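My entries follow in the order in which I looked things up.

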Amino acid sequence: MITKQQVLDWLRKSSDVLEENRQYLTKLDTAIGDADHGNNMYRGFNKVKSQLDDHADKDIGAILKAVAMTLISTVGGASGPLYGTFFLQAGTKMAGKAELDGDSLAVMFRAGVDGVKMRGKAQPGDKTMIDVLEPVAQAIENDIKEGKSVSDTLHHAVEVAEKGVADTIPLIAKKGRASYLGERSKDHQDPGATSSMMIIKALSESVG
Amino acid sequence: MVGIVIVSHSKPLAESLRDLALEMGQNKARIAAAGGVDDPDNPVGTDAMKILEAIQEVYSDDGVLVFMDMGSAIMSAEMALEFLDETQRENVKLCGASFVEGVVAATALAASGAEMDEIIREAKLALKGKTAQLGEDDSDDEGTGTAEEARESNETAGNADIKEEYTLRNTMGLHARPAAKVVQTVTGRDAEVFIRNITRESDFVSAKSMNSLISLNVQQNDTVQVAYTGTEAEALQELISEMMKSNFGESTAPAPKRTKKASPKKDSRSGMPDDGVLKGISISPGFAIAPVKQYSVTLPDIEEEKQDNPEMELSLLRDALAEAEKEIEEVKQKSSNEIGEVEAAIFDAQILLLKDPELLKKVDARIAEGLTAPYAWRSSLDDVIEMYEQITGDSIISTRVIDLIDVGTRVLEKLTGENFSDIDINEPCILCMNEISPSDAASLNTESVLGICCEKGSDVSHSAIIARSLGIPTVFNLGPALSEIKEDTEVVLNAETGELFTKPDDTLKQQIAKERAHWLEVKEKAHDGRKEQGITANGERIEVLANVGDEHEINQVLDLGAEGVGLFRSEFLFMERTEAPNEDEQFKAYKSAAQSLGKKKPLVIRTLDVGGDKPVSYISIGEEENPFLGQRGIRYCLSEPEMFKEQLRALLRASAFGNLQIMFPMIATAGELRKALNLLEECRAELDEKGLKYNEKIKTGIMIEVPSAVETLDTLLPLIDFVSIGTNDLSQYMMAADRTNPSVGPLTSYYQPAVLRVIERTIRMANEAGKEVSMCGEMARDVKVMPVLLAFGLRKFSMSAAGIPEFKYRLKKIDTESSGLGELAANVLSARSPEEVKEYLS
């Protein structure tokens with residue numbers, strides 16, 4: 001089970017980790033993007049963090065939707081609508097829930113990831129956050145089906161996410177600003193995939 | 001109207017693009033900018049919520065078109081769409097056109113009322129002009145064809161595999177909209193399409209050029225031949241056939257005919273009423289009885305003729321244009337003496353029309369095509385007029401049409417040596433016309449023309465201004481039935497009520513004859529005594545001031561008997577230009593006005609009063625559902641403190657040169673007034689610092705236009721020296737009715753008991769507080785209501801100067817101490833209807 005408190009912790013931790021890695025993400029984005037990913041993510045999640053107390057009496061669905069709205073209007077770059085869509089779709093599926101069991105977790109991730117794919121029109125292999133999110137969603141679905149605990153599932157998800165990030169390094173970008181670079185986008189780690197991994201890690205750590 | 005939303009990573013970029021586009025869309029477009037994110041440190045980015053708000057701001061069922069700069073802008077825009085409800089979402093389209101060109105083209109089209117699909121097509125093509133100019137365009141747009149090109153087109157078209165004829169049934173023929181459809185269909189296809197107008201025996205032109213298609217002058221029931229060549233010829237034939245046969249989805253009602261004598265829009269339903277009384281709007285008061293003379297303003301008919309010496313025709317045209325310009329200059333000079341410099345400036349606008357590059361390009365091209373100069377000129381004017389007439393419901397535009405006809409006729413006279421326009425009247429008559437042009441009005445023989453009646457015409461047209469200056473009883477908007485009156489019928493015109501009696505009986509004739517005699521007598525006596533001081537029968541001094549819109553008018557109003565200026569509308573300084581006048585420019589204008597009046601005569605300058613009905617191109621107030629309840633007057637100025645302070649500093653500096661006073665318009669709350677006065681204080685301090693002179697005891701005041709100002713007058717009066725009642729706006733706001741809306745206009749009469757009471761209260765409270773009070777609306781010159789205002793305690797009136805002589809004349813007959821006056825005031829204040837008020841006044 002993931003409690004509401006753990007969801008709130010997740011969001012706070014995400015904010016903290018993105019703040020810590022603000023420079024790092026920006027550095028990754030400088031190489032193949034427009035050098036704003038670290039700032040954008042920090043700006044969005046910092047705002048999310050500042051509003052968490054207001055969300056205390058909401059259900060998980062409502063919290064995730066509120067996060068979505070904040071990200072959409074504060075991030076500024078493409079990750080705003082992308083992460084916004086993730087949380088919006090996830091929140092819509094989790095409406096009314098005070099806690100999440102394994103099935104809910106799988107449904108939530110699938111909805112969120114499908115939303116991002118729809119929004120960004122990216123496929124695995126395009127060197128984007130989908131290279132982390134899609135395998136993670138699949139892994140969670142499989143693990144839950146196999147009867148793994150939520151905690152174990154999330155630990156596994158982090159491993160999958162980390163591998164996903166590493167896998168983006170040799171890829172040629174097909175979407176976003178990095179795609180302008182073509183071949184030259186090779187040998188760089190994708191910043192969006194990296195921030196996705198960090199957020200998944202934050203969830204795992206919050207749940208324990 | 002289709003709304004436009006601009007999405008950019010950069011807020012200034014989005015807003016500047018909006019402003020640029022608005023200029024092209026004549027400020028009419030519904031357009032909103034959604035740029036940047038709300039983070040002062042990193043403002044670059046896009047915000048789906050902002051985009052959503054922008055969409056909702058300009059949304060209507062006509063749809064919204066969203067333009068985005070790049071990257072996340074597109075994704076954020078898509079995101080925003082998801083927050084719309086389904087029916088709205090269907091009406092919102094994201095457009096992939098080039099950002100700047102696309103937005104500008106789309107805004108102009110949207111403002112003209114075009115539909116979504118058309119706007120999207122045009123926007124996507126908007127880049128073509130640039131690529132073509134830079135030679136990057138691989139399609140061969142023909143443009144307006146030269147003779148050489150025409151030969152080529154004819155040759156290619158002649159050899160075309162497929163040729164088909166169509167007869168166009170839609171009312172407007174191949175006008176701009178269907179022509180655009182054809183161009184869109186043909187452009188980008190692997191085929192050449194040429195069209196010629198068989199009815200008018202034209203050459204073939206390329207269907208890729210909008211101008212060429214328009215130049216075919218295809219009118220209703222004309223037959224065109226279309227030639228198709230190339231690999232996609234058949235596909236295009238199918239598409240174009242269908243458009244032609246479906247009449248481009250337009251109406252096929254018969255086209256209105258423009259003929260020389262008949263009215264331009266003869267409507268069978270518009271019969272003469274049985275009682276023979278036509279009602280219109282009074283433009284210039286007075287009475288007249290005389291036989292009717294019918295005239296009509298149209299472009300003279302010119303036969304289409306060919307010539308084979310384009311160079312000679314061109315030089316004939318140049319000469320005619322030069323001569324026409326000289327002649328208009330002469331009319332202007334003559335009018336300056338007779339009707340005043342300001343009115344005469346109208347003719348400058350006509351000279352500009354003569355030099356319109358688009359028009360001249362068209363004419364030159366037609367002459368080059370082998371048409372004679374007169375026909376080329378006439379037909380090009382027709383195109384422009386047609387374009388204007390398609391933009392319906394805009395009185396400014398229709399004013400332009402009459403100016404175009406005026407100028408156009410003059411040039412045709414020079415070209416052909418014939419005389420089309422002179423209204424040659426030497427016997428007393430009432431002139432009846434479809435519409436009167438400014439030069440006709442200015443050249444009228446005022447001895448013989450006893451009255452002017454027009455089917456159409458606007459209160460604000462150039463002709464109306466001239467008619468008023470000439471003092472000829474004039475009524476406009478009498479409707480098409482006017483043209484049905486037989487020549488030489490004796491008619492009776494009451495231009496006070498706006499009525500034309502076409503079947504007058506003897507009683508009416510006698511009554512109006514009496515009114516006319518009286519009117520003439522008063523006019524003459526009033527004119528003689530206009531320069532005497534305003535004074536009542538019992539010797540009480542009444543200040544009679546003028547309303548002016550320009551410093552150049554001041555000498556003219558002084559000559560009409562004004563004792564100063566009670567309302568100087570500063571917005572005229574700001575209009576008809578592309579940027580706000582700076583402090584020095586304003587200072588010079590105010591100073592010159594102050595100096596023309598001398599040290600004593602008051603010059604009350606109202607600070608900028610834009611918004612509502614006074615749009616200014618470079619001031620972007622944004623589309624407002626209800627501009628009269630929106631950002632106007634002081635509300636706008638307070639939102640632009642820097643611009644406002646430029647004006648205040650200019651006013652202060654000019655106050656060193658005369659009795660200049662500052663008046664703030666549209667004050668609704670004490671807070672607004674305090675803010676305005678604080679800004680004035682800041683300006684004083686700034687001038688002190690620079691050591692610039694101003695009148696330290698300068699008087700400040702407010703317009704009383706908003707009912708809340710009357711309700712809270714006790715809080716406003718201590719802050720100022722004077723108030724001036726603006727009756728036009730005050731009655732509109734009191735009665736919650738728009739006086740330009742015919743169905744509720746009568747509600748805004750200042751004879752309404754509510755309006756009279758609020759005026760009485762304002763005057764009483766100001767007098768009790770020892771503050772000056774005046775009135776500067778239309779009511780101030782109404783001599784019928786003047787005794788009541790005197791009884792209320794009003795001692796200062798400001799009006800359009802033409803009313804001053806009669807006002808002073810009537811004033812001399814009134815005894816403010818008579819008991820009748822107090823009783824009149826009491827009766828009027830207790831009246832229950834405007835009719836009852838009028839009864840007391842008669």
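**Where the chains meet**

I began with the contact between the chains and found 16 residues of chain B in contact with 18 residues of chain A, two residues being in contact if their C-beta atoms, placed from the backbone, lie within 7 Å. On the side of chain B that touches chain A, helix H2 (48–58) and helix H3 (72–82) of chain B each supply at least two residues, and H3(B) gives the most, with 5 residues. Helices (H or I, at least four residues) and strands (E, at least two) are DSSP runs, numbered from the N terminus. I sorted the residues on that side of chain B into 6 nonpolar, 6 polar and 4 charged, where Ala, Val, Leu, Ile, Met, Phe, Trp, Tyr, Cys and Pro count as nonpolar, Asp, Glu, Lys and Arg as charged, and the others, Gly among them, as polar.

I note that this is a predicted model, in which local features need pLDDT of at least 70 and side-chain atom pairs count only at pLDDT 80 or more, while totals for chains, interfaces and linings use all residues. Residues are numbered from 1 along each chain as its sequence is written, and chains are lettered from A and ligands numbered from 1 in the order in which they are written.

**Two sheets of chain B**

I then followed an open sheet of 4 strands in chain B, in the order E2-E1-E3-E4 and with parallel pairing; two strands pair if DSSP finds at least two bridges between them. Its edge strands are E2 (30–35) and E4 (92–95) of chain B, each of which pairs on one side only. Strand E3 (residues 64–68) of chain B pairs with E4(B) over 4 bridges in the parallel sense, and B:Val66 has B:Leu94 as its bridge partner in E4(B).

Another open sheet of chain B has 8 strands in the order E9-E16-E15-E11-E12-E13-E14-E10, with mixed pairing. Strand E9 (277–279) and strand E10 (281–284) of chain B have a single partner strand each, so one side of each is left without a neighbour in the sheet.

Which residues touch the most other members of the largest nonpolar core? Of its 108 residues, they are A:Val136, B:Val5, B:Val7 and B:Val66, and helix H5 (residues 99–111) of chain B gives the most to this core, with 9 residues. A nonpolar core is a set of buried Ala, Val, Leu, Ile, Met, Phe, Trp, Tyr and Cys residues joined through C-beta atoms within 7 Å. A residue is buried if 20 or more other C-beta atoms lie within 10 Å of its own, exposed if 12 or fewer, and partly exposed in between, with C-beta atoms placed from the backbone.

Leaving aside neighbours within four places in sequence, I found B:Val5 in contact with residues including B:Ala32, B:Ile51 and B:Val66.

My last entry is B:Ala123, in helix H6 (residues 116–125) of chain B, which counts as buried because 25 C-beta neighbours lie inside 10 Å.
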